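The tour moves from the whole chain to single residues, one selection at a time.

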Amino acid sequence: MSKPTVLIVEDEAPLVTMLRYNLEKEGFQVCEAGDGEEALVQIAERKPDIVLLDWMLPLVSGIEVCRQLRRSPETRARLRAVIRRAQPGAAEEVLQFADITMDLAAHRVSRNGKAVHLGPTEFRLLRHLLRSPGRVFSREQLLDAVWGHDVYVEPRTVDVHIRRLRKALNAYGDADIVRTVRSAGYAIDRPAH
């Protein structure tokens, strides 16, 4: 699959450099235009997947470029298709492990076909653990992934939410699949028999 192409339409070189660097790092192919006229030519020739457009441009304004893109049926319909391509399966992603099914779109979790009721934090915690079954995550890694870097939360908070998650998952007397690894962290694993 070829990389999605982003056209940066911006007349400030330092900004273009920064955007190009970040987009290429994320796996996009980047082309650029310094004014609105050049942008319209590039769009017609290259048919980029995404256009990052500055409003204040020389020659043809960003607003006018945008109007022309919206008028053309060819460019108007592309964004949805690109978003679907960029996140294959994100819209209907279902995580499954052992007897647990997690439907991310519907925000539902079930175990052996029975609904599991989780709070938003437990849901995010389970989602993170289910994406890498068997992998042990430290409390710090879980804090970053589930609560985010900017939130200050005690590492002990993770234990509280893991306890809640366990309780919800084992509500029907099923075997515990959340494994605690002493002084290392937690993992989702097949229960030891």
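What percentage of the 193 residues in the protein is buried? Buried residues make up 34%, where buried means under 20% relative accessible area, exposed over 50% and partly exposed in between, with a 1.4 Å probe and protein chains only. The model is predicted, so local features need pLDDT of at least 70 and side-chain atom pairs count only at pLDDT 80 or more, while totals for chains, interfaces and linings use all residues. Residues are numbered from 1 along each chain as its sequence is written, and side-chain values use heavy atoms, with hydrogens and water left out.

**Whole chain**

Show the cartoon. The protein has eight helices and nine strands; these are DSSP runs numbered from the N terminus, helices being H or I of at least four residues and strands E of at least two. Of the contacts in the protein with a separation of 6 or more, 51% are between residues 24 or more positions apart. Contact means heavy atoms within 4.5 Å.

**The parallel sheet**

Select β1 (residues 5-9), together with β2 (29-33) and β3 (50-53). These three strands form an open sheet in the order β2-β1-β3, with parallel pairing; two strands pair if DSSP finds at least two bridges between them. β2 and β3 are the edge strands, each pairing on one side only. From one strand to the next the twist averages 20 degrees.

Between β1 and β3 there are four bridges. To see one of the residue pairs, show I8 and its bridge partner L52 in β3.

Helix α1 (residues 13-25) lies across β1, β2 and β3 and runs at about 160 degrees to β2. Helix α2 (residues 36-46) also lies across β1, β2 and β3, at about 145 degrees to β2. Axes here are lines fitted to C-alpha atoms, for helices over the stretch in contact, and angles run from 0 to 180 degrees between N-to-C directions.

**G36**

Stay on α2 and select G36, which is in this helix. Is G36 buried or exposed? G36 has 0% relative accessibility and therefore counts as buried. Leaving aside residues up to four places away in sequence, G36 touches L57, P58, V60 and V65. V65 is 29 residues from G36 along the chain, and their C-alpha atoms are separated by 6.2 Å.

**The antiparallel sheet**

Next select β4 (94-97) and β5 (100-103), then β6 (108-111) and β7 (114-116). The four strands make an open sheet in the order β4-β5-β6-β7, and the pairing is antiparallel. Its edge strands are β4 and β7. Neighbouring strands are turned by 25 degrees against each other on average, direction ignored.

Four bridges link β4 and β5; V94 has D103 of β5 as its bridge partner. Helix α6 packs on this sheet, touching β4, β5 and β6, and its direction makes about 115 degrees with that of β5.

**α6 against α8**

Two packed helices are described by the angle between their axes and the distance between the axes. Select helix α6 (residues 120-131) and helix α8 (residues 155-169): they pack at an angle of about 85 degrees, with axes 9 Å apart. α6 and α8 are therefore roughly perpendicular to each other, the term for angles of 65 to 115 degrees. Show T121, E122, L125, L126 and L129 of α6 with H161, I162, R164, L165 and L169 of α8, which make the contact.

Select strand β8 (residues 178-181), which runs antiparallel to β9 and is joined to it by four bridges. R179 stands opposite A187. Three residues lie between the strands of this hairpin, and S183 takes a positive phi near 55 degrees. In β9, G185 and A187 point one way and Y186 and I188 the other, and all are buried.

**The cores**

Where does I188 make its contacts? With sequence neighbours up to four places away not counted, I188 touches F97, L126, L129, L130, P133, G134, I177 and V178. I188 is also among the residues with the most contacts inside the largest nonpolar core, along with M102, L126 and L130; this core has 27 residues. A nonpolar core is a set of buried Ala, Val, Leu, Ile, Met, Phe, Trp, Tyr and Cys residues joined through side-chain atoms within 4.5 Å. Finish with another core that lies apart from it: ten residues, including C31, I43, V60 and V65.

Methods: Parallel < 35°, antiparallel > 145°, perpendicular 65-115°, else oblique.
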